[in-house]
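Please examine the model shown below before reading on.

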Amino acid sequence: MTDKITLSDALDGLSEFWSQQTVAEANGSLFKVAKGIGSTRWHAHDDQDETFLVISGRLTVQLREKDVVLDAGDLYVVPRGVEHCPTADEEVRFVIVGTTITSNAAGGKPEWSANGGSPLGL
C-alpha cells in the first residue's frame, strides 16, 4: 500500500522548469509532475504517447498543424511520433503520464532550465 500523493506539494518541490519528478507508478505508466514557462524545443517521442493533465495555468501544445490550448482540468494525449512543442506564457503546472522520463534534451528540455533557470525576459 502506498501513501496518498498531494500534487500541489509535489509541484511546490520542483526547482526546474520542464523537468519531471515521478510521483507514482501504476500498470507500467509513470505519473510525473512538472512545471513549465516559456517553451521547450520541438521534439517527438517515438517510443510512447505523452499525456498532459493540467493542474493550474495554461499550457499550449503546439503541433505542426494546430495548437491545442489546455487549461486547468484539461487533458491531452500527444500520440507517439508526433512532433510537438509545449509552451506557457506564465507558469503552468501539470502531470505527464508515460512509460519513461522524457525531460532531457531529446525530450525537448531547453538548456536554460538547468539549475532552476528561467527563460530570458520572464
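Strand E2 (residues 29-39) pairs with E7 in the antiparallel sense, over nine bridges. Helices (H or I, at least four residues) and strands (E, at least two) are DSSP runs, numbered from the N terminus, and two strands pair if DSSP finds at least two bridges between them. Within this pairing, Gly38 stands opposite Ala88 in E7. The model is a predicted one, in which local features need pLDDT of at least 70 and side-chain atom pairs count only at pLDDT 80 or more, while totals for chains, interfaces and linings use all residues. Residues are numbered from 1 along each chain as its sequence is written, and side-chain values use heavy atoms, with hydrogens and water left out.

Strand E3 (residues 50-56) pairs with E7 in the antiparallel sense over five bridges, and Ser56 has Arg93 in E7 as its bridge partner.

How much of E7 is buried? Eleven of its 15 residues are buried, so E7 is largely enclosed by the rest of the structure. Buried means under 20% relative accessible area, exposed over 50%, and partly exposed in between (1.4 Å probe, protein chains only). Thr87, found in strand E7 (residues 84-98), is buried because its relative accessible area is 17%. Leaving aside neighbours within four places in sequence, Thr87 is in contact (heavy atoms within 4.5 Å) with residues including Trp18, Gly38, Arg58 and Gln62. Across the protein chain, buried residues make up 43% of the 122 residues.

The interior also holds nonpolar cores, each a set of buried Ala, Val, Leu, Ile, Met, Phe, Trp, Tyr and Cys residues joined through side-chain atoms within 4.5 Å. The largest has 17 residues, and those with the most contacts inside it are Phe52, Leu59, Val61, Leu70, Tyr76 and Phe94. E2, E3, E4, strand E5 (67-71), strand E6 (75-78) and E7 each supply at least two residues of this core. E7 gives the most to this core, with four residues. A second, separate core of five residues includes Ala10, Leu11, Val33 and Val95.
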